[in-house]
Every structure is written in C-alpha cells, then in structure tokens.
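Biologist: Please take a close look at the strands of this model, one part at a time. I would like to know how they pair and what surrounds them.

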Amino acid sequence: MAVAKIPPGPKGRLFLGHTLDYMGDSLGFLTRCAREHGDVVRLRLGTSDYYLLNHPSLVEEVLRSRSSEVIKDRLTRMIMPVVGRGLLTSEGASWRRQRKLAMPAFQRGAIERYGAVMVEHALRLLGRWDVGRPRDVHQDMMDLTLGIVAKTLFDAEVGAESSDVGRCIEVMMKYYLNPMKFLKVREWLPTRENREFRAAVARLDEILYGIIRRRRAGGDDPGDLLSHLLAARDEEGAGMTDRQLRDECVTLFLAGHETTALTLTFAFLLLARHPEAVARLGAELDEVLGGRPPSAADVPRLRYTDWVIRESMRLYPPAWAIGREATEDFEIGGYPTRKGTQLLVSQWVLHRDPRWFDDPDSFRPERWDNDLARRLPKGAYLPFGDGPRVCIGNHFAMMEAVLLLATLAQARRLEIVPGEELTLAASITLRPRSGTRMVVRDREGSIPIAG
Ligand code: HEM
C-alpha cells in the first residue's frame with residue numbers, strides 16, 4: 001500500500017496543533033517554520049490543516065496555474081458579514097463578472113485624474129504638520145487615505161458621513177483583530193464587541209445605500225469610482241444591483257484605505273532610521289519637482305520615491321499573508337493536497353528570504369535599480385498578490401503612495417520620538433501596535449513648496 005507523503009512541520013500540541021504558537025507571534029512562527037522545515041510546511045491551525053508554501057514556484061502554482069482549483073481561505077471568508085460578495089471574497093462566475101465590470105475604473109488612464117485629489121489632501125495635512133511637534137504618523141496616514149478614498153470613491157468630502165464610514169471600518173477591523181475569531185467563537189453571543197460590530201455594519205449599510213440611492217436619482221456624474229461602477233454593464237446590458245454596489249464599495253473602502261496608510265507609515269519609520277535615504281529622496285524631489293507640488297504625470301520620473309515605497313512594502317507588507325482553500329485533491333511540491341486544505345503564502349516570509357534578496361532585513365531602496373522587479377523569480381515579491389486575483393487597486397495604490405510621499409517628504413522630515421519602539425500586530429493587515437509617534441522637522445535645504 002502506498003504511504004501518503006506528508007510535508008514536514010513543527011511538532012504541534014494535542015487538540016490545538018500550532019494555533020497558540022501562531023496566535024502568539026504569527027510572523028516569527030511562520031518565519032521559523034520556513035527556515036527550519038523548507039518550502040512546504042504542514043501546520044494545524046484551529047480545526048484546519050494548512051500548508052505553508054515558501055517557494056516562489058509554489059506560490060505561482062497556487063495563485064496562477066491552479067487558480068481554478070482553489071477559493072479564498074477560511075479566514076478571508078470570515079469577513080463576508082462585512083464585505084458580502086464584493087471582489088475580495090466572491091468566487092467563480094460572479095467574481096469574474098464583477099471583476100470585468102470594475103476593471104476599467106482601475107486602469108492607469110482612468111485613475112490618473114485622482115492624482116490631483118491625492119496631492120490636495122496631502123498638502124492639507126502638510127498645513128497641519130507644525131515643525132517641532134510630535135504626531136502619530138499612523139493616525140495621520142489613516143486620516144489622509146480615508147479622505148482620499150471617500151473623495152475618489154464617492155466624491156465625498158471628509159464630513160460626518162465619511163468619517164462615520166471610517167469609524168465603522170475601524171470597529172470592524174478591531175473585531176477581526178481578536179484572535180478568538182480564529183477558534184470560531186460564535187458571533188451571535190450577546191457580547192459588547194458583537195453588539196458594536198453589528199451596529200457598525202448597520203450604520204455602514206445605511207450610509208452606503210443612502211449614497212447609492214441619491215446617486216441613482218440624481219443626474220450629474222462627478223467622475224468618481226462609484227460613477228464607473230454605476231455605469232458598468234455586462235454583455236447582456238445588465239448593471240450592478242444596489243447590493244452588489246454596496247458590497248463593492250465596502251470592499252474598496254476596506255481594501256483601499258488602510259493598506260496604503262500602512263505603506264506610508266512604514267516608509268516614514270524606515271526613512272527616519274536612514275538619513276542617507278532621506279537625502280537621496282530629497283535630492284530627487286528637488287530635481288524633478290523644483291518646489292512645485294507633484295502630479296500624476298511626475299510619477300514615472302520619481303524613481304527613487306517609487307523604490308522607497310517598494311522597499312517599505314518588501315520589509316513591511318501591509319497584506320502580509322494570502323490564503324486559499326483547495327477545492328479538489330491535487331499535488332503540490334510533491335505532496336498530496338486534499339480538498340479543504342488551507343494553502344498559506346506569506347509575503348512577510350517570502351520578502352525576507354535570503355535566496356531572493358541580498359541582506360534581506362536591510363532597508364536598501366536602491367536594490368530596486370536595474371529592474372530588480374523583473375529579475376526576481378515570479379512569486380518572490382508580491383505585495384499586491386498575483387495571478388487573476390491580484391489587487392485591482394495596485395496602480396491606484398502605487399500612484400497614491402508615491403504622490404503622498406513626494407508631497408510630504410518634499411517639505412518635511414519625520415523623526416522618531418525617542419524611546420518609541422515599533423511593535424507589530426499581524427491581523428488581516430500588518431499594523432503597528434505602537435511606536436508611530438514622530439516629530440515633524442523641516443527638511444534641510446528643501447525648496448519651499450509653491451502653490
Ligand atoms: C498598498 C496598498 C495595497 C496593498 C498592499 C494591497 C494588497 C492586496 C492583495 C495582496 C490582494 C490580493 C488578495 C488575495 O489574493 O487573496 C488585494 C486584492 C484586492 N485589493 Fe488591494 N491592496 C492595496 C491597495 C488597494 C486599493 C487602493 C484598492 C482599491 C481602491 C484595493 C482593492 C482591492 C480589491 C478589490 C481586491 C480584490 C481583487 C479580486 O480578488 O478581484 N487594494 N490587495
């Protein structure tokens with residue numbers, strides 16, 4: 001009788017498997033698993049079997065060539081009470097239709113018009129950055145990208161409604177931060193947290209359905225992302241229902257706001273520890289912009305700024321892990337994989353793998369010179385995922401991150417408040433738990449921004 005081959009893995013505990021190790025320190029635990037057990041590691045988390053895949057070719061296999069034999073993993077599906085069947089969580093024909101309908105709104109040409117909104121919002125923040133005063137840079141970046149997503153998604157200024165949306169999303173994210181979710185603790189228990197969660201979902205629905213109703217009734221087209229989604233038609237001429245629009249709006253709000261804020265927060269924290277990078281960034285900004293605010297047209301020439309963003313996402317990927325569930329039996333990396341197995345790919349682990357990156361723990365934006373992105377094996381660097389489910393907002397996010405960093409770093413530099421230490425929480429996203437207070441300083445020798 002043939003013996004089924006099982007991938008190696010760390011010794012687990014009775015009943016709980018590796019759940020406690022994972023919950024205690026997900027990033028450290030997964031890194032150790034990869035370094036000690038190789039490219040396919042078997043884990044048991046909660047009640048599910050997981051294979052952690054640590055080789056780019058296996059990453060590509062799951063995200064690309066086997067994309068029709070997998071669906072989103074169990075943990076991702078847990079956010080369905082919030083995002084419904086939006087792009088992040090839908091599957092099969094319904095995902096294909098929605099992706100096709102939404103895609104034109106995210107193409108390079110379509111998003112360039114949002115550059116001006118992004119820069120305008122960054123300039124407003126700059127106006128509040130008093131030199132010598134400490135700021136919580138994470139909070140600032142969250143407020144900044146919230147304002148931008150509200151304006152670009154449904155032409156809303158940061159007023160009561162959009163800050164309410166931000167608050168609801170914050171309540172929901174906190175809800176998913178609770179590690180007990182992993183053990184499937186019942187959502188219907190009458191706890192305060194569950195009540196707050198349900199109230200946040202209800203308030204979010206009220207706001208979004210209100211916006212959709214008003215927009216369907218009114219004639220003018222503000223040219224925002226919602227107008228694109230409202231106008232989109234499939235081959236039969238059918239558009240999205242209110243429910244689909246609501247789900248896509250929540251998804252875009254959720255997926256597009258915090259991830260970009262995190263990218264910038266980590267970029268400022270890394271820059272603060274690398275004065276030579278601040279100097280090189282400043283030199284590029286002075287040369288390309290000469291003291292005027294940037295625009296979308298400048299983005300291709302802001303090469304070093306782009307490298308700083310790429311390198312920050314390599315070391316601190318806001319989406320630090322991607323999960324899939326096998327819907328069929330197949331073999332991966334030489335190991336049989338049963339239907340229902342959870343397949344985990346971790347950008348945190350892959351991006352710090354010394355096989356693909358020299359001196360992987362160091363912040364070296366210039367490593368991206370000479371087209372490193374093209375020279376890397378496919379699947380070694382994937383801050384936006386890969387394959388057909390790759391982030392639909394990747395160009396939007398890169399443009400936003402480059403424009404915001406350019407606008408802010410052109411005039412100011414941030415210095416870490418003495419004693420602040422960065423600690424991380426690996427929830428749905430990789431968030432700073434503490435250590436993001438920074439003091440605003442003038443950038444030495446900067447050209448004052450005109451206009
Ligand atoms: C730095 C910022 C961002 C990062 C790191 C990021 C990361 C990701 C990743 C890794 C995925 C793939 C998840 C998977 O395969 O399971 C994804 C999907 C997605 N992202 Fe982003 N994202 C960012 C910004 C944005 C923005 C700005 C938007 C929209 C405005 C957005 C909308 C989406 C959507 C809708 C999906 C699901 C796509 C699909 O499955 O068809 N993201 N993102």
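**Strand pairing**

Modeller: In this predicted model, Asp136 stands opposite Arg437 in β12. That pair belongs to the contact between β4 and strand β12, residues 437-442, where 3 bridges join the two strands and the direction is antiparallel. The two strands are part of an open sheet of 3 strands, ordered β4-β12-β9, with antiparallel pairing. At the edges of the sheet stand β4 (134-136) and β9 (412-416); each has a single partner strand, so one side of each lacks a neighbour in the sheet. From one strand to the next, the twist averages 45°.

Another part to look at is strand β8, which spans residues 342-345. Its pairing with strand β2 (residues 48-53) is parallel and runs over 4 bridges. Within that pairing, Leu52 is opposite Leu344 of β8. Strand β5, residues 322-326, also pairs with β8, here in the antiparallel sense and over 4 bridges. In this case Arg324 has Leu343 of β8 as its bridge partner.

The side chains of β8 complete the picture. Both faces of the strand are covered. Gln342 and Leu344 lie on one side, Leu343 and Val345 on the other, and all of them are buried.

How values were computed
Residues are numbered from 1 along each chain as its sequence is written. This is a predicted model: local features need pLDDT of at least 70, side-chain atom pairs count only at pLDDT 80 or more; totals for chains, interfaces and linings use all residues. A residue is buried if 20 or more other C-beta atoms lie within 10 Å of its own, exposed if 12 or fewer, and partly exposed in between; C-beta atoms are placed from the backbone. Two strands pair if DSSP finds at least two bridges between them. Axes are lines fitted to C-alpha atoms, for helices over the stretch in contact, and angles run from 0 to 180 degrees between N-to-C directions.
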